[in-house]
Each structure stands twice: as C-alpha cells, then as structure tokens.
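Reader: Please take a close look at one part of this model for me. I would like to know how the pieces meet, starting with the boundary inside a single chain.

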There are 2 protein chains.
Amino acid sequence: MSDLTSEAAARDAADELRAKRAEFVLDDGTVYLDGNSLGALPRAVPARLADVVEREWGRLRIRSWDESAWWTAPERVGDRIGRLVGAAPGQVVAGDSTSVNVFKAVVAAVRCAADGRDEVLVDAATFPTDGYIAESAARMTGCRIRAVPAADLADAAGPRTAVVLVNHVDYRTGRLHDLPGTTAAVRAAGARVVWDLCHSAGALPVELDAHGVDFAVGCTYKYLNGGPGAPAFLYVRWDLQPRFDSPLPGWNSHADPFGMTAAYRPADGAVRGRVGTPEILSLLALDAALDVWDGVDLAAVRAKSLDLTDFFLRCVAAYAPGAVTPVTPAAHGERGSQVSLRTASGEGRGLMAELVRRGVVGDVRPPDILRFGFAPLYVGFADAERAARVLGEVVGA
Amino acid sequence: MSDLTSEAAARDAADELRAKRAEFVLDDGTVYLDGNSLGALPRAVPARLADVVEREWGRLRIRSWDESAWWTAPERVGDRIGRLVGAAPGQVVAGDSTSVNVFKAVVAAVRCAADGRDEVLVDAATFPTDGYIAESAARMTGCRIRAVPAADLADAAGPRTAVVLVNHVDYRTGRLHDLPGTTAAVRAAGARVVWDLCHSAGALPVELDAHGVDFAVGCTYKYLNGGPGAPAFLYVRWDLQPRFDSPLPGWNSHADPFGMTAAYRPADGAVRGRVGTPEILSLLALDAALDVWDGVDLAAVRAKSLDLTDFFLRCVAAYAPGAVTPVTPAAHGERGSQVSLRTASGEGRGLMAELVRRGVVGDVRPPDILRFGFAPLYVGFADAERAARVLGEVVGA
C-alpha cells in the first residue's frame, strides 16, 4: 500500500461527513467526480417521488395543490436552499431554469438602477448562457453590455453601470471569485450585482445576506443533487423585493392568483419571482434530495472540499507528473470544489473517455481541460487517490 | 333505473374509446371532472419514472444525457405533442411553463412583424397569465397592448397590429374560438397569431399546420395528462423558424451548445425555442403519459367529447332544472370539452365543496361558475349522469 493510499484510508476514517455517503446511490466500481455537473441520487428520492406520483397525483389529483402543499412548494423549497446559501427565509424561490432566472434578475436589476445607468457588465469567462441571456436582457432594456474579467469587475463598475453579472465559481477553471469584495465594490459604485451560484451552492458557504448581495441565481442539480434539470432558484434580497419588477410576471407571481383578474398586481416577497405553474415532479424530487443537508454545516463541507482537492492535486503530482497542469488555483481562497487540469497533450475527450472506461467519471471542457468535481457529501479521499492513480495509468506516467 | 341511467350504460357499452379508461389510475367512488385542470395519472407513468430516477439518474448518472437521450427529449416529446395538435415533426418543443412560452412567442412574433406594427392584441377574456405576459412583452418591445373580445379579433387586426394572442378555448366559459377563421383574418391583415392551446390540446383536433397558424403554446397537464406542472410546449411554424428571435436565448438553443462559445448562434428548427436545462423528471413523466395517445384518433376524441357534454347538459336540465344556467355554448362549433354552469344562487365554492364531498370533482371560477371537464379518454357517460344527478341532489332540485 502506497503512502497516498494509506493516507487516504486514514483521512476517510477521520472524515466527519463520511456517514453522508450512505445516503446516496453509488457503486463501488465507480469514482464519481462529476457531481459538479449532475449530483448523485440521494436514496430518499425514489420513494418520495413514487408517493408524489402514485398518491398525490394518482389518488388526490387536483386536491394536492392544497392538501399536499404543491402550491407553496416553490417558496418552501426556496427557503431550504436559502439556508445553504446564507439567505434568511423569504428571499429564495425555486423554479424555472437558471437561464430564465438570469433573465429575471438582470432585467429587474436594470429596472432598479438610477437613471442614466445603462451598462451591463458580464464576467468575460462566464458560463455561456449567462452571457447570452444578459445580452438579451440588455437589448430589451436599452442597455449596452460589456464583458470584463471577473477579477476586474470591482474596478470596472462605474457611474454608467446598472448591473454586474458574475459567476461565483468559474465552470471551466474552478476558480472561486471574490463575492464579498466584488459585491461591496459594485454596490459602492451604485450598481447592482447578480451572482450565479451554480458551482458554489452546496459546495461552500456563500452567505448572501451577510455580504449584502442584491440578486443571485443558481441551479440545484450539481452539488445540491436535485436531479437532472432540477429547478433553479432566484434570490432577491428582502429590501429589493418591493422594487422587483419581473419581466416574466406570470400568474403564479400575482398577489391573488386565483382571483383571475385582468390587472397584474405582484405578490409581496419571494413569490414575486415565480412565473407559471411549477414542474412539481422535478421540484418535489429536489425537495426530497435536500434532506441530505439536514444538520450539515457548510463550514465542514468547505473544509473537506479543500482537503479533498488539495489531496487530489498532490496525488496527481505524484502519479501523473508532467502530464497535466492544474488550472484551478492553488490558493484556497480562489478555489471552488472542482479541479480542472489542462492536458500536456492538448487532447481531452479521448483521455476522459478512457478514464470513464476505467471507472473514473469526470468531464471535459474542450479541447484540453479535464474537470473533476468533488462533492464533499459523498466523495472520499480514497476516491481522490484512485482517480489520480488511474489518470497516471492512462497518461502512461 | 332511470332512462338517463340506462342510456348512459348503453352509450358506455358502445364507446369505442372505453378501453382507454383502464390505462388510467381512477377510483370508482369518484367522478373526476377536473381533467381540464389536472389530468388523471396514466398507469404507465410510475414505473417509467422510477426507472428514470433509479437507473438513468441513479446508476448511469451523467451518461444519461447521451445514453438515455435526455438531451434530445424536448424535441422528441415535442414531436409527440405535435401529432396531437396537427403539427408535422420539427416544429414543437417541450419545456418551460406556458407563461414563459407565451413570452417567447409574443416577443418573437413582434420581431417578425414589419416596421410600423406596434400593437399587440389580446383576447379580452384571456386566462390571466397570457395577458400579464403579453403586457410585459409589449412593454419590452415598444408596443402597446389592446384587449379585444376573442370573437372580434379577426376584425380588429389592422395595419398597426404586430401580433394577436388568443386562447383556443376560454378557460372560464368553455367557449371554443374560431381558430381557422381568426388565423386567416389575422394573417390577411399582415399580423401574426399566437394561439394558446391549454384547453384544447388533447381535447379536440387542432390542426395547426393545416390552418397556417404562426405560433402556438400550451400546457400538457390538462387533457394531455402529463402530471402536475408538466412542461409546456411551443410551436413555431417551420417557415418562421429562421426568423424566430428568442428573448430567452439560453445555451440549450445554441447551434453548438457544448462548444461553450461566447457568441450566441441559434440552432435551426424547434430547438431554437429551448432555453435552459430541461426538468428531466417532469419531462419524462410527460413522455410516458403520452403513451396513452398511441393509436388514438383525435376525431373520435372530439366526437365523444361532444356526445359527453351534450349528454351532461341534458342530464343537468333533467336533474337540476332552474338551478344552473350553462354558459358554455350549445353549438358544437363553439364548445370545447368542458361545461361551465352559472349557479342561480350566485354561489359557487360551497356548492362545489359539497359536490366534491359526494365524489364529484369539478372546480369553481369564482364567484358563481362551476366547471366540469370531460376528458374523453377516461370519462364515461355514467360519470356524466352521476355528476348531474349529484348536482341535482346538492341544489335540492
């Protein structure tokens, strides 16, 4: 047994989150390091979803909108997500896709801006959909859009800036951006900030309220394990809610949705971020999936995440020297919960296909970035060691 | 046995769609006449959804985007819906809510319009969300909005009209609007029409292609039985697709979504109507639910629907004379698949609560409209007779 193998075993034995792994469906033959793309299945989900389908839909049918509390699920699930991103109750609503929520947030943020502010700044390395949607939002609100590297956004926000849209963790490199500092600078410049938490929610403490974030969006199918395409979420800070002027004022956001009145009158609170009828099966699967977070301290999740990624980087250096170069920052304050490695060969797809064939599942951002996500609730140190070892075998080091 | 009871039995025995009822989860104690709000559970759904959750998500995880064809599900399911609304393959995509699809369709329709057309006409009795969303779309595209009774829209469309948004069946009264005539008149006026098919898809033949409809949206949780909040759909006629300029250009609508490029380049075809990652669990439950339509002829569905609603109206007249007045038109050409009754007392909620207590489930549009939906795949003539008889008992006729 190598030193790294025995170190992994010792660390797994000492891991205070270790018991959480049993709450997921996993197979020992696979090291699943793609939870940053699709989280593993929590064991509680199948039975809960079967009950939703067979009893709530099948037997109670229409009565479930009230009796099974379907109608209020977006806010209820939103509050559960809120706890995991540092938002007090009443500020988060679950529903729609991240793209749709980016649209709501950017348009609403522009509408909150003072006259003369007509510039939307976007993280230049953003996950593409944020950029596409922000461009549409800018076009539809008479703004111009400018792409700026995330690290420079704090300085770039000026007197013409209405809103800054930025990813908390870069999907490609795994770099963690400075949420407290950027938020403070953008607000000091008189603009609003929209954070995309897709790669940080459930991976590390976010603390939206504590840092005075204006708006945030995120998905729930990565570290939150909500299932394929699980509903996204929207955070609107409580004091901005009365001014939240949605570009998608669907009937679910009406103050009296069953009054069926011709005039739109928005509801108070997070409900204002709703649009149409929520996709209940996906939403309640997410609700069940969130049970794994009960009692979990995000600080412990973060500590394990950093230990795991540190250890993985050490193992990669030992097993595959020279074959790959980390593009994820070494500094803890700049790292999310994934490790991205650039291949020396410049090739990514074939290499990852071989890793997958050997039971190590990550993914590729072409042409040459291998991504490995470390979901601290179910990934262990032995997984990290094995993944690096197999990578070393595959690159022939 | 009364004449109506024996007539119902004879009609049920002769019903060519009768066997379909066994494909749904129903209980003999309940007459479910709320399928126009939430369709009953098709028996095929639970096992299929359990497989999606336990094997596709739980075991294959990320591989299912390809191996289980999750990625292409919106178009595949869209084509299945297309067959039921008279759309050739490649024009319908499933996903998002009806409200979000109304926004896409109205904005895109305005963007197709010739210069100088800046008016959006909306069915004055529309389901509220369509009106709210159309108002937002108008505001964001520099148009003004005008509400016009659906029957007058054909005449109202003029040289300033960009788009007309109209419901195929009025959600409150059950009135069927003239899709062929209104479409032809709106197009002749040089404008575009967007039909909302929420209350007609799966209830009667729609024939979008045959009538030259421009755009259509609809939900799938009513007569299509897709489950609570099941994904909605968007139809863009094939020749308009190259000009379909979506206000929600999310990455799923990109020509090369995994290229992750900063510049947006829209995909060809129905895919262009997609936005973000689809809610797969809800989408594949809908996919399974659509199996009940295999081999079903919409003309037979329509014939049975009219027979059922005719028969129900006769039974109501016999069992509850004077207690209610139909607001749904008697003329077949003006009737959807629901019957709305205005109560003589002016009260609706209490009356419906008592009906539900006695096993007859409809719903209320306050203050005084009782709605009874007749889903021809699983509602029979004995159901209609019983519902009317219990209504008669409740109103004390």
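Author: Start with the salt bridges between domain 1 of chain A and domain 2 of chain A: the count is one. Its partners are Arg175(A) and Glu334(A). Their closest N and O atoms lie 3.1 Å apart. Keep in mind that this is a predicted model.

Nine residue pairs are in polar contact between domain 1 of chain A and domain 2 of chain A, with both residues at pLDDT 80 or more.

Which elements of domain 1 of chain A face domain 2 of chain A with two or more residues? They are helix 10 (298–319), strand 10 (338–343) and strand 13 (369–373) of chain A. Helix 10 of chain A gives the largest share of that side, five residues. By class, this side of domain 1 of chain A holds twelve nonpolar, eight polar and seven charged residues.

Now the domains themselves. In the domain assignment of chain A, domain 1 is made of two segments, 3–32 and 297–395. Domain 2 of chain A covers 48–293. The centres of the two domains, taken over C-alpha atoms, are 29 Å apart. At their boundary, 27 residues of domain 1 of chain A touch 18 residues of domain 2 of chain A. The two domains bury about 1,900 Å² between them. Carbon and sulfur atoms account for 58% of that area.

Next comes the boundary between the chains. Chain A and chain B each bring 73 residues to the contact. About 6,100 Å² is buried between chain B and chain A, and carbon and sulfur atoms give 66% of it. Three residues stand out on the chain B side: Trp57(B), Arg61(B) and Tyr132(B). Together they supply 14% of the area that chain B buries against chain A, more than any other three residues.

Four salt bridges are counted between chain B and chain A.

By class, the chain B side divides into 43 nonpolar, 19 polar and eleven charged residues.

Terms used. Residues numbered from 1 in each chain as written. Chains lettered and ligands numbered in written order. Predicted model: local features only at pLDDT ≥ 70, side-chain atom pairs only at ≥ 80, totals over all residues. Heavy atoms only, no water. Domains from an automatic or database assignment. Contact = heavy atoms within 4.5 Å. Buried area = accessible area lost by both parts, 1.4 Å probe. Salt bridge = Lys/Arg side-chain N within 4 Å of Asp/Glu carboxyl O. Polar contact = N/O pair within 3.5 Å; in protein donor to acceptor, adjacent residues only side chain to side chain. Helix = DSSP H or I, 4+ residues; strand = E, 2+ residues; numbered from the N terminus. Nonpolar A, V, L, I, M, F, W, Y, C, P; charged D, E, K, R; others polar.
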